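Q: Could you walk me through the side-chain contacts in this one?

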Amino acid sequence: QVQLVESGGGLVQAGGSLRLFCVVSGGTISGAAMGWFRQAPGKEREFVGGISWSGTTRYVDSVKGRFTISKDNDKNTVYLQTNSLKHEATAVYFCNKRNNCVPPIPIYDNWGQGAQVTVSS
């Protein structure tokens with residue numbers, strides 16, 4: 001069974017940066033389209049951005065130019081670099097395999113515990 005383990009979250013002031021990690025076990029990311037999702041308090045989980053098997057990335061408008069997704073196939077790890085963080089970015093961040101729908105639909109039912117990002121204003 002695939003396991004997803006996110007880490008790297010924390011408390012940061014507005015304008016700061018965090019790098020999130022997603023380690024995947026029980027499956028390979030090399031041929032998969034992966035995505036980052038987030039869930040803010042009282043809101044539904046939403047797609048943030050994704051990376052294709054070939055490394056092509058896409059992002060929602062609210063994070064374009066500030067968030068960057070990358071991956072290391074050898075380490076089976078997906079990264080989310082978040083810069084110029086805003087208070088509204090406060091959420092729990094999750095990774096998952098995704099399809100190519102708009103917006104993308106997560107594939108795995110067993111989500112990880114997520115990485116809490118809290119941005120103080």
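This is a predicted model: local features need pLDDT of at least 70, side-chain atom pairs count only at pLDDT 80 or more; totals for chains, interfaces and linings use all residues.

Q: What does Phe 37 do with Trp 111?

A: Phe 37 and Trp 111 form an edge-to-face pair, with the ring centres 5.5 Å apart and 90° between the planes. Phe 37 lies in strand β4, whereas Trp 111 lies in the loop between β9 (91–97) and β10 (115–120), so this pair ties together parts that are 74 residues apart in sequence. Trp 111 itself is partly exposed, its relative accessible area being 24%.

Q: And which residues end up in the ring cluster?

A: Phe 37, Phe 47, Phe 94 and Trp 111 are linked into a cluster by ring pairs.

Q: Switching to charges, which ring does Arg 45 sit over?

A: The charged end of Arg 45 sits over the ring of Phe 94, at 4.5 Å from the ring centre. There is also Arg 19, whose charged end sits over the ring of Tyr 79, 4.2 Å from its centre.

Q: Tyr 79, then: where does that sit in the strand pairing, and which residues are opposite?

A: Tyr 79 is in β8, where it is the bridge partner of Phe 21, and Ser 70 also stands opposite Tyr 79. Strand β8 runs antiparallel to β3, with 6 bridges joining the two, and 6 bridges likewise join β8 to strand β7 (residues 67–72), again in antiparallel fashion.

Q: How enclosed is β8, and why?

A: Of the 6 residues in strand β8 (residues 77–82), 5 are buried, so the strand is largely enclosed by the rest of the structure.

Q: What about the hairpin of β7 and β8, how many residues are between the strands?

A: There are 4 residues between the strands of that hairpin, and Asn 76 takes a positive phi near 50° there.

Q: Last topic, the cysteines: which ones does a disulfide join?

A: The count comes to 1 disulfide, and it joins Cys 22 to Cys 95, with an S to S distance of 1.6 Å. Cys 22 lies in strand β3 (residues 18–25) and Cys 95 in strand β9, so the pair ties together parts that are 73 residues apart in sequence. Both Cys 22 and Cys 95 are buried.

Q: And what is the nearest cysteine sulfur to Cys 101?

A: For Cys 101 the nearest cysteine sulfur is that of Cys 95, which is 19 Å away, and Cys 101 is in no disulfide. Cys 101 is partly exposed, with a relative accessible area of 36%.

Technical notes: Residues are numbered from 1 along each chain as its sequence is written. Side-chain values use heavy atoms; hydrogens and water are left out. Rings of Phe, Tyr and Trp (its six-membered ring) pair if their centres lie within 6.5 Å; planes under 30 degrees apart count as stacked, over 60 as edge-to-face and the rest as tilted. Buried means under 20% relative accessible area, exposed over 50%, partly exposed in between (1.4 Å probe, protein chains only). A charge sits over a ring if NZ of Lys or CZ of Arg is within 6 Å of the ring centre and within 35 degrees of the ring normal. A disulfide is a pair of cysteine sulfur atoms within 2.5 Å. Two strands pair if DSSP finds at least two bridges between them.
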